[in-house]
Amino acid sequence: MNVEQHAAKAKRVLTSLHKLQFPEDYLAIVDGAVIAGYHLGNALLHKHGVSPSAQHANSPSKLEAGVPSLPTAIQPAFEAFSELERLRSEFVRRPSTWEATLAEAVQRNLETLRLATE
């Protein structure tokens with residue numbers, strides 16, 4: 001997938017996430033945020049020449065050299081993506097309950113990623 005295809009998929013996921021609500025749908029929102037992050041992150045990697053269109057990073061934790069090795073311009077976006085990945089691990093992959101700070105954290109990190117791709 002190329003930059004535009006990743007951006008289009010991310011937009012579709014984000015549109016779908018807006019149909020869900022905290023706290024009822026917090027699991028789906030956190031999980032979906034990571035999927036949106038996957039597409040936004042890969043769009044950034046392709047746009048900045050870090051990886052070709054045929055190569056994709058599933059998550060920041062799977063990057064070969066890690067976030068600090070990325071171009072400075074996209075490091076904040078990947079730090080946000082890393083935070084989404086952490087939230088997914090904490091709230092989706094483990095027994096969890098709703099926390100009021102979760103909605104703000106998800107929105108803030110998604111916005112950081114989205115703005116980086118503009």
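**First stop: the pockets**

The largest pocket has a volume of about 240 Å³. This is a predicted model, in which local features need pLDDT of at least 70 and side-chain atom pairs count only at pLDDT 80 or more, while totals for chains, interfaces and linings use all residues. Residues are numbered from 1 along each chain as its sequence is written, and side-chain values use heavy atoms, with hydrogens and water left out.

A pocket is defined on a 1 Å grid over the protein atoms alone, as an open set of points where a 1.4 Å probe fits, with protein on both sides within 12 Å along at least five of seven lines; lining residues have an atom within 4 Å of a point. Its volume is the space filled by probe spheres set on the points, which are joined across faces, edges and corners.

Select Val 50, Gln 55, Ala 57, Leu 63 and Glu 64, which lie nearest the centre of the largest pocket among its 13 lining residues. By class, this lining has 6 nonpolar, 5 polar and 2 charged residues (Ala, Val, Leu, Ile, Met, Phe, Trp, Tyr, Cys and Pro count as nonpolar, Asp, Glu, Lys and Arg as charged, and the others, Gly among them, as polar).

Next, find the second largest pocket, with a volume of about 200 Å³. Its lining includes Leu 14, Phe 22, Ile 29, Val 106 and Arg 114. Which helix gives the most to this lining? It is α4, with 5 residues. Helices are DSSP runs (H or I, at least four residues), numbered from the N terminus.

**Second stop: helix α4 and the core**

Select α4, residues 100–116. This helix has 17 residues and reaches 26 Å from its first C-alpha to its last, close to the 24 Å expected at 1.5 Å a residue; the expected span is 1.5 Å times one less than the number of residues. The buried residues of α4 are Leu 102, Ala 103, Ala 105, Val 106, Asn 109, Leu 110 and Leu 113, where buried means under 20% relative accessible area with a 1.4 Å probe, protein chains only. What covers them includes α1, α2 and α3.

Colour Phe 78, Leu 84, Leu 87, Val 106, Leu 110 and Leu 113: these have the most contacts inside the largest nonpolar core, which has 30 residues. Such a core is a set of buried Ala, Val, Leu, Ile, Met, Phe, Trp, Tyr and Cys residues joined through side-chain atoms within 4.5 Å. The helix α2 gives the most to this core, with 10 residues.

Now centre on Val 106. Among the residues it touches, beyond four places away in sequence, are Phe 22, Ile 29 and Leu 84; contact means heavy atoms within 4.5 Å. Asn 109, also found in α4, is buried because its relative accessible area is 6%. Leaving aside neighbours within four places in sequence, Asn 109 is in contact with Ala 80, Glu 83 and Leu 84.

Select His 6 in helix α1. Is His 6 buried or exposed? His 6 counts as buried because its relative accessibility is 0%. Its contacts beyond four places in sequence include Tyr 38, His 39, His 46 and His 56.

Finally, move to Pro 23, in the loop between α1 and α2. Pro 23 counts as partly exposed because its relative accessibility is 36% (partly exposed lies between the buried limit of 20% and the exposed limit of 50%).

How values were computed
Helices (H or I, at least four residues) and strands (E, at least two) are DSSP runs, numbered from the N terminus.
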